[in-house]
There are 2 protein chains.
Amino acid sequence: MLLNASPDLRQQITENPALHPKIGLRHSPIVGAILSNGDIDHIAGLLSLRESQPLAIYAGNPVLEILQANRVFNVLDVQKVHRRELPFRRPISLRGPDDAPLGLEVEASPVPGKVPLYMESVTQRLGTSAGDTVGLRVTEIATGVSFYYVPGCSELSPALADWLRNAALVFFDGTLWRDDEMISSGTGAKTGQRMGHMSMSGGTGSIARLASLGIRRKIFIHINNTNPVLAEDSPERSAVQSAGWEIARDGMEINL
Amino acid sequence: MLLNASPDLRQQITENPALHPKIGLRHSPIVGAILSNGDIDHIAGLLSLRESQPLAIYAGNPVLEILQANRVFNVLDVQKVHRRELPFRRPISLRGPDDAPLGLEVEASPVPGKVPLYMESVTQRLGTSAGDTVGLRVTEIATGVSFYYVPGCSELSPALADWLRNAALVFFDGTLWRDDEMISSGTGAKTGQRMGHMSMSGGTGSIARLASLGIRRKIFIHINNTNPVLAEDSPERSAVQSAGWEIARDGMEINL
């Protein structure tokens, strides 16, 4: 999840360009990133960010250890790109690389998931583990409005269900429609469970399991290209929509 | 440098789809990559390739050691993505992941360069070193036609000059126009030399130093976004063209 500078911060920078590199040459609105796990699709993008632009990177300790162990990430100048540990189940105020508050609070909660694929041979473990994967609750401090962001989740544990209950908005892992989808489509050898994802459909799927949590708005993200819900005319898309879910799309804007 | 399957290989695959994953689901024409150094812009793209598609990766030993030391690259399944050492100054026949010859020969030659930025603190060395950066001569075996690919080079050594002499085509490091360009434009603190690149202009620049080598066609690649030759109406662009050089562009096709 990338952090953009708030309008307030933009105003501060306009008044004092020395505060921040957002003005002038090589402008970028990105002031930071929160890493919710260590899988390639969550961390490889760091290597495409500007090497010498101040940034704040927030991640749980297991993911910070991965960045530390892979020196290739040192291409982001560690003097300017601050790596900050994200505590679990304790909200913190997000700050930009210059330590200025961004007006947002985030709480990270470990969710059932798995160690990244490329670390399996190192850790000798599969399945769930504390903090390899987290969900995020992001709150605008001024208004108290918040949303949840859970791009990877292999199971709706009771603790996670309690955390999400009565949320105004949840973005949730929509990788697969069925657990055996990669196998039956011939695109892979692993089940969704083996990859750390619960499926949308079925009795233990996300549609069924999140149905009674009183969540006002539910949006699937992190959708694999085998997932039939991506086809607008598919019966699966209709089923998802009938169940009160939305499918995220590029350029989607949401006002809470 | 990415390797595409040749028409011959395509024909073989059409006749025997089991040979190769190029037919069917998730088709990709990419059968391999040659890594000419370990800088981020040369290796980060590996993380965007399909994780379970057979590929052949060729690199000199210093770059293979970097892949080995950074486990994040294990996301490319090492059972299917073959890492092969590229010898120096000895031509080898390129083979696809299935060991079928691609009809191309490559010779790697160490060129003056530098260790990747993120490795400087590890190796405690800067400046040139053998094999951190290589140039490539690629030859079509059937015709003997060849070209040179040298995307990074900090100095035209006598050995490199001899190697490139009378080439039909050279792609060459066009990062900067002037050595102090990053500094004077306010985009960076390092000289071109410090980054492992010789500049286009000046008495020790690539235009002057490659002028008398009898090279038939010269094309600048790896051009930084500070380089004024990118502007078609700039005096620097005119100077480059007057000196017999071309500026590479997206979608450029070349027949030898």
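This is a predicted model: local features need pLDDT of at least 70, side-chain atom pairs count only at pLDDT 80 or more; totals for chains, interfaces and linings use all residues.

Biologist: Which residue does A:Asp162 form a salt bridge with?

Modeller: A:Arg165, and their closest N and O atoms are 2.8 Å apart. A:Arg165 is partly exposed, with a relative accessible area of 38%.

Biologist: How many salt bridges are there over all chains?

Modeller: The search finds 14 in the whole structure. Another one in chain A joins the side chains of A:Arg178 and A:Asp180 at 2.9 Å, N to O. A:Arg178 counts as partly exposed at 46% relative accessibility, and A:Asp180 counts as partly exposed at 28%.

Biologist: And what does B:Arg95 pair with?

Modeller: B:Asp99, with the closest N and O atoms 2.3 Å apart. B:Arg95 has a relative accessible area of 30%, so it is partly exposed, and B:Asp99 is partly exposed at 44%. In chain A, a network of salt bridges links A:Arg84, A:Arg95 and A:Asp99.

Biologist: How many salt bridges cross the interface of chain B and chain A?

Modeller: The rule finds 0 there. It does find 4 residue pairs in polar contact across that interface, both residues at pLDDT 80 or more. On the side of chain B that touches chain A, α2 and α4 (120-123) each supply at least two residues. By class, that side has 13 nonpolar, 9 polar and 4 charged residues.

Biologist: What area do the two chains bury between them?

Modeller: About 2,000 Å², with 63% of it on carbon and sulfur atoms. The contact takes 26 residues from chain B and 26 from chain A.

Biologist: Switching topic: is B:Glu107 buried or exposed?

Modeller: Buried, because its relative accessibility is 7% and the cut-off is under 20%. B:Glu107 is in strand β6 (residues 101-110) of chain B. Its side chain makes a polar contact of 2.7 Å with that of B:Trp163. Beyond its sequence neighbours up to four places away, B:Glu107 also touches residues including B:Arg89, B:Arg90 and B:Arg137.

Biologist: What is B:Leu46 in contact with, leaving aside neighbours within four places in sequence?

Modeller: B:Ala33, B:Leu35, B:Ile57, B:Leu67, B:Phe73 and B:Leu76.

Terms used:
Residues are numbered from 1 along each chain as its sequence is written. Chains are lettered from A and ligands numbered from 1 in the order in which they are written. Side-chain values use heavy atoms; hydrogens and water are left out. Contact means heavy atoms within 4.5 Å. Buried area is the accessible area (1.4 Å probe) that two parts lose on being put together, summed over both. A salt bridge is a side-chain nitrogen of Lys or Arg within 4 Å of a carboxyl oxygen of Asp or Glu. A polar contact is a pair of N or O atoms within 3.5 Å; within protein, one must be able to donate a hydrogen and the other to accept it, and residues adjacent in sequence count only if both atoms are side-chain atoms. Helices (H or I, at least four residues) and strands (E, at least two) are DSSP runs, numbered from the N terminus. Ala, Val, Leu, Ile, Met, Phe, Trp, Tyr, Cys and Pro count as nonpolar, Asp, Glu, Lys and Arg as charged, and the others, Gly among them, as polar. Buried means under 20% relative accessible area, exposed over 50%, partly exposed in between (1.4 Å probe, protein chains only).
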